[in-house]
Amino acid sequence: MKKRMVVVEGSYAVAHAVKVCKPHVISAYPITPQTHIVEDLAQFAADGEMNCEYMNVESEFSAISALIGASAAGARTYSSTTSQGLALMHEALFNASGMRLPIVMTVVNRALSAPINIWNDQQDSISQRDTGWIQLYAEDVQESADMTPQLYKIAEDEDILLPAMACMDGYILSHVYEPVILLEQSLTDEFLPDYSPEFVLDPKNPMSFGAFADPSTYTEFRYKQEKAMGVALKRIEEVAWEFSEKYGRYYGGLIDGYMLDDAEIVIMAMGSVIGTIKDTIDMLRKEGESVGLLKVRSFRPFPADEIRKALKNAKVVITLDKNISVGKNEGALCTEVKACMYNRDVRVPVIGFMLGHGGRDIPVSTIVKMINKAKLVEKGIFIESEFADLREDLA
Amino acid sequence: MKEIRIHGRGGQGSVTAAELLAVAAFEDGKYSQAFPAFGVERRGAPVTAFVRLDDKPIRLRSQIYEPDYVIVQDATLVDVVDVARGTKPDGFILINTEKSPEHFKMETKASIKTLDATKLAMDFIGKPIVNTTLIGAFAGVSGLIKPESIKNAVMERFPGKVGEKNAAAIQAAYDMMEAHR
């Protein structure tokens, strides 16, 4: 496997993965902060390496709107955005999912203003939780790239037809140079079938997308989106295995575990912090600590059954959130993990830690500190939720 | 795992140096990871970049707090940035300067190595761009990466005459610093 690897920037690896998925239309707004993803794609298109329409538009709102039109016309579509750009798309994200358009977009996760901050956290995509988009979170560059064909296959499934976000941590994954295997065109052609939707905008056969729905029918549109998410729960796992058979790489489908089965303390997280947690677990296991990891790969659809099953032997759970619902004093993962256990037999204490906001680094020592706090639970000291990396001198 | 921290000023190619080290080390059979200390980059402002090298895939994604090796592209940074922070007794700090190591009084148990990379870069490349010369010197002092791998990485990034001139500077710096291992 190592022989086929090259050292490239994370953004390039993703752009290359997009290229081999052969999208027909790419639309992007090259604001700062953007990433090299759309820059590299623009280069591929200009060099004739891609047979696609590359649209440079005047805002992120236009970028997603253009893709909605193109996708409704039957095109495979792609964009990449981040932070304020994603926030500006917010309104149209509902249109994409409501019209059941399988747009795939890489979200390079970055903090939202104010104060102005260009660094990594996951507030941007978490804030789009209820827009009806599938959301997967990547652990490293290879997974960020490999998610692209996986998500096209899931999103374009005729029983799903939902747009999807591949979320990768800004800078930490988008700007890192590390060894990856660039996705092979031949394998991707075999893995990902052509997109040929049954219903398209076509002047020869006129039809409406996203048309008026009064109270007598609107609810059923929402219900069907929810049903499609239910199908996606199964397909995400299946497609992860289909990908593994074809390319030889697997990162978990909905979730993944690391030293999980016998772990008393289970850390739950999403994104690039997973790697640092794995190293921390190896270190603590050598010292005899019973610590494990439950990686959440799919945040939407939310894999409640799988999470409950994975936590059945846990004594205490720690959730890591690079986001906060201000006014709830919790991150979204914490809230959802708690909620999925409330009416069930599995009721493990959950401590919600918020950290890594606006690019604050997450060293091993911060993870050890959280685990030590989790150990206090058996002594009757329980923390509901807190910022794990607060600077006391500024707080 | 070996960890490297590179200090430079915006425009000196510190991030490029880190990337080239990662590419070269991978060619030598090691796993590698290179990333900048993400900042708002301005020409002349202090910039930091990081490299990790290991025999197995690298999962750790925090910044580097206890580097085995430090590379300083501009000696004036020593007065502004704590370039010795977190250094180890068996490591080194490689500084681009015409001065000798004794000139630098800093709190570190790491050894200090110096090299007039600016002069070498002027002689071989004709420009005071020292990043490639310094990673050649780093390969010489550390013995971690073959000079051929560094030269290949540089020539792939900068094809043609520019790459060849840089390769010559890299070899000269390597030869000069190999004795200081």
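Predicted model: local features only at pLDDT ≥ 70, side-chain atom pairs only at ≥ 80, totals over all residues.
Residues are numbered from 1 along each chain as its sequence is written, and chains are lettered from A and ligands numbered from 1 in the order in which they are written.

The largest nonpolar core comprises 54 residues. Such a core is a set of buried Ala, Val, Leu, Ile, Met, Phe, Trp, Tyr and Cys residues joined through side-chain atoms within 4.5 Å. Buried means under 20% relative accessible area, exposed over 50%, and partly exposed in between (1.4 Å probe, protein chains only). I37(A), L41(A), Y78(A), I134(A) and L151(A) have the most contacts inside the core. Two or more residues each come from α1 (10-20), α2 (36-46), β5 (104-109), β6 (134-137), α6 (141-155), β7 (164-169), α7 (185-191) and α8 (218-247) of chain A. Helices (H or I, at least four residues) and strands (E, at least two) are DSSP runs, numbered from the N terminus.

I37(A) contacts S11(A), V14(A), A15(A), Y78(A), S80(A), T106(A), V108(A) and M168(A), neighbours within four places in sequence being left aside. Contact means heavy atoms within 4.5 Å. Helix α1(A) is largely enclosed by the rest of the structure, because ten of its eleven residues are buried. Among the buried residues of α1(A) are S11(A), V14(A), A15(A), H16(A) and K19(A). Just after α1(A), K22(A) adopts a positive phi of about 50 degrees.

T319(A) lies in strand β13 (residues 316-321) of chain A. T319(A) is buried, at 0% relative accessible area. Beyond residues up to four places away in sequence, T319(A) touches M268(A), L333(A), C334(A), V337(A), V350(A), I351(A), G352(A) and F353(A).

In chain A, helices α9 (residues 273-286) and α12 (residues 364-375) cross at roughly 65 degrees, and their axes come within 9 Å. Axes are lines fitted to C-alpha atoms, for helices over the stretch in contact, and angles run from 0 to 180 degrees between N-to-C directions. The crossing is right-handed: the near helix is turned clockwise from the far one by less than a right angle, anticlockwise being left-handed. From α9(A), V273(A), T276(A), I277(A), T280(A), M283(A) and L284(A) meet V364(A), I367(A), V368(A) and I371(A) of α12(A). Eight of these contact residues are nonpolar, two are polar and none is charged. Ala, Val, Leu, Ile, Met, Phe, Trp, Tyr, Cys and Pro count as nonpolar, Asp, Glu, Lys and Arg as charged, and the others, Gly among them, as polar.

In chain B, helices α1 (residues 14-27) and α3 (residues 131-142) pack at about 40 degrees, with axes 9 Å apart. This crossing is also right-handed. T16(B), A17(B), L20(B) and L21(B) of α1(B) contact N131(B), T132(B), I135(B) and F138(B) of α3(B). Five of the residues are nonpolar, three are polar and none is charged.

Two cis peptide bonds occur in loops of chain A. The bond from S113(A) to A114(A) has omega near -5 degrees, and A114(A) sits between β5 and α5 (123-126). The bond from R300(A) to P301(A) has omega near 0 degrees, and P301(A) sits between β12 (298-300) and α10 (304-310).

Note on methods: Heavy atoms only, no water.
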